[in-house]
Amino acid sequence: MLKVERICVDYGAVKALRDVSFRIEQGEIVALIGANGAGKTTVLNAISNIVPSACGSIVYLGKELTKLAPHEIVKLGISQVPEGRRVFGRMSVVENLEMGAFTRNDKEQIGLDLEKIFQRFPRLAERRKQPAKTLSGGEQQMLAMARALMSRPKLLLLDEPSMGLAPMLVEQIFAIVQEINRSGTTILLVEQNANMALSIAHRGYVLETGEVVLQGGAGELASDPQVRSAYLGE
Amino acid sequence: MFLQQLINGVALGSVYALIALGYTMVYGIITLINFAHGEIFMVGAFVGLLLISYFKVNVFIAIVGAMIVCMIMGVLIERIAYRPLRKSSRLSALISAIGVSIFLSSLALMLFGADAKGFPDSAFPVRQLRIGSADVSTLQLLIIGVSACLMLGLEFIVQKTKIGKAMRATSEDYNTAALMGIDVNRVISFTFALGSALAAAGGVLVGVLFNAVSFNMGLMAGLKAFAAAVLGGIGSIPGAMLGGLLLGVSEVFGVAIGYSSYRDAIAFAILVLVLLVKPTGLLGQKITKKV
């Protein structure tokens, strides 16, 4: 579905990504794990073309993404939940969700999707008129994910959904991620919480200082001694 | 006397508010002080003048005509002078804005000469009405009425329409707005169009009010409106409206109590005082630095 081939990204003189390649198949959850600063977020921003790639190619369903503007990429069915949630704090919950549906023009269907979202996330329904900045961290994460779903993505890019959340909430968020995947959305999951990420992913890639150093099935990676010592705290 | 001056002040303040809105909206989205904005106001006044003098249209049609011309001009200025510099330092864009400003006022000087031009007497029939203890001219009512309608219209666009919501989203978080599928370049063009249209309307209204249109009228009006935008909190739409009204009213009262020679200083003195106490302006949001 998505094929990333030898991309590199530079921030000035700093090489954030070097020759990063990986692929995602339809229906998968692929985890991208690695330490802080390894370049995980940069990979997502390169796919969304928020940061330009200096070399390499990113092909999604036969289309080259590196030449498209970010909003055109969303139209093709790729939606990103950015790191730190980035909800529009001064806008209401409903308005945030409407922004998620910005690329769509089918008013009735959007209304139905909103109702579905509110059934799935009752907390958001209770707070629909409130400015998003008044929501708790967990609620904001749910809003950010719900907002991304409003574009009906085929591929969902999730950046550190567990960041700053209490363990119980983390489990809840990961359960939602699995549920989203089961209903047919392919997922690329970026996480520092390697344990949780590998527990729901099908396959994974390990990123270290801008390079892919390991890859394999999620179970394989979780039992790899290198991964265990570096990322699973053993 | 008090009521009289208040009405005078609100009329002047509404025009400041119309111009200030353009500064604040553009700053809200691309953090650029559009120094050419005062000149757009001036061009609006000239377009209105030409339409009324040569095409004998009434003042409302002149306002609409000026708004359309300036909308196109605002969008073009952004395309030509600011967009190529979007990724450069903010200072480059600022210098480019000053360049556009000088270009436009010099162009107007070349085309129309240095003398202020007046409107034909038939432009707007002025009558005096008596409201309580105050004499109000129909001209003041025109200014207050047109400004109020435009600001209500703006508020509707920004709060209720899809593109207006996209504007708010983009001004909160540029990159995340793009991740929503919002074409941020289109939003920026739209913002310039809106701001320029409001300034153009202000230009025609001021031209008719003082019966004078000149190539350098954008300078002082632009600076004061900018002061109004900062006073209200730059980036905040209600702030620009409030700042404009406050500035207009205090300027008129300052003149009324005998400080007419300090007329232009009053606006800036208030600005300095407010910023000393509240650096974000009256309704400004504290800017949280994005990582």
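This is a predicted model: local features need pLDDT of at least 70, side-chain atom pairs count only at pLDDT 80 or more; totals for chains, interfaces and linings use all residues.
A residue is called buried if 20 or more other C-beta atoms lie within 10 Å of its own, exposed if 12 or fewer do, and partly exposed in between.

The residues in question are V93(A), E95(A), N96(A), L97(A), E98(A), M99(A) and G100(A).

Chain A has 10 helices and 10 strands. Its radius of gyration is 17 Å, close to the 17 Å that the globule rule gives for 234 residues, so chain A is as compact as a globular protein of that length. Along the principal axes, the C-alpha atoms of chain A fill a box of roughly 45 × 40 × 30 Å. Of the 234 residues in chain A, 46% count as buried. The contacts of chain A may also be considered by their separation in sequence. Among those between residues at least 6 apart, 66% join residues at least 24 apart.

The next feature of chain A is a sheet. Strands of a sheet pair through backbone hydrogen bonds, either parallel or antiparallel. In chain A, an open sheet of 4 strands has the order β2-β1-β4-β5, with antiparallel pairing. Its edge strands are β2 and β5 (63-64) of chain A, each of which pairs on one side only. Between β1(A) and β2(A), which run antiparallel, there are 7 bridges. In this pairing, Y11(A) stands opposite V14(A) in β2(A). Helix α1 of chain A, residues 40-47, lies across β1, β2 and β4 (55-60) of chain A and runs at about 70 degrees to β2(A).

Most residues other than glycine have a negative phi. R6(A), however, has a positive phi of about 45 degrees although it is not a glycine. This residue is found in strand β1 of chain A, residues 2-11. With 13 other C-beta atoms within 10 Å, R6(A) is partly exposed. D19(A) is likewise a residue other than glycine with a positive phi, in this case near 50 degrees. Its place is in strand β2 of chain A, residues 14-24. D19(A) is partly exposed, because 13 other C-beta atoms lie within 10 Å.

Strand β1 (residues 128-131) and strand β2 (residues 134-137) of chain B run antiparallel and are joined by 4 bridges. The bridge partner of I131(B) in β2(B) is A134(B). The hairpin of β1(B) and β2(B) has 2 residues between the strands, and within this hairpin G132(B) takes a positive phi near 60 degrees.

Elsewhere in chain B, N58(B) has its place in the loop between α2 (37-54) and α3 (59-82). Is N58(B) buried or exposed? With 12 other C-beta atoms within 10 Å, N58(B) is exposed. The C-alpha atoms of N58(B) and G48(B) are separated by 9.7 Å, and these two residues are 10 residues apart along the chain.

Leaving aside residues up to four places away in sequence, A201(B) touches L18(B), G44(B), I63(B), A66(B), M67(B), V146(B) and L150(B).

Finally, the two chains meet. Their contact takes 20 residues from chain A and 14 residues from chain B. On the side of chain B that touches chain A, α6 (162-172) and α7 (174-179) of chain B each supply at least two residues. The largest share of this side, 5 residues, comes from α6(B). By class, the side of chain B that touches chain A has 6 nonpolar, 3 polar and 5 charged residues.

Methods. Residues are numbered from 1 along each chain as its sequence is written. Chains are lettered from A and ligands numbered from 1 in the order in which they are written. Two residues are in contact if their C-beta atoms, placed from the backbone, lie within 7 Å. Ala, Val, Leu, Ile, Met, Phe, Trp, Tyr, Cys and Pro count as nonpolar, Asp, Glu, Lys and Arg as charged, and the others, Gly among them, as polar. Two strands pair if DSSP finds at least two bridges between them. The radius of gyration is taken over C-alpha atoms; the globule rule is 2.2 Å times the number of residues to the power 0.38. Axes are lines fitted to C-alpha atoms, for helices over the stretch in contact, and angles run from 0 to 180 degrees between N-to-C directions.
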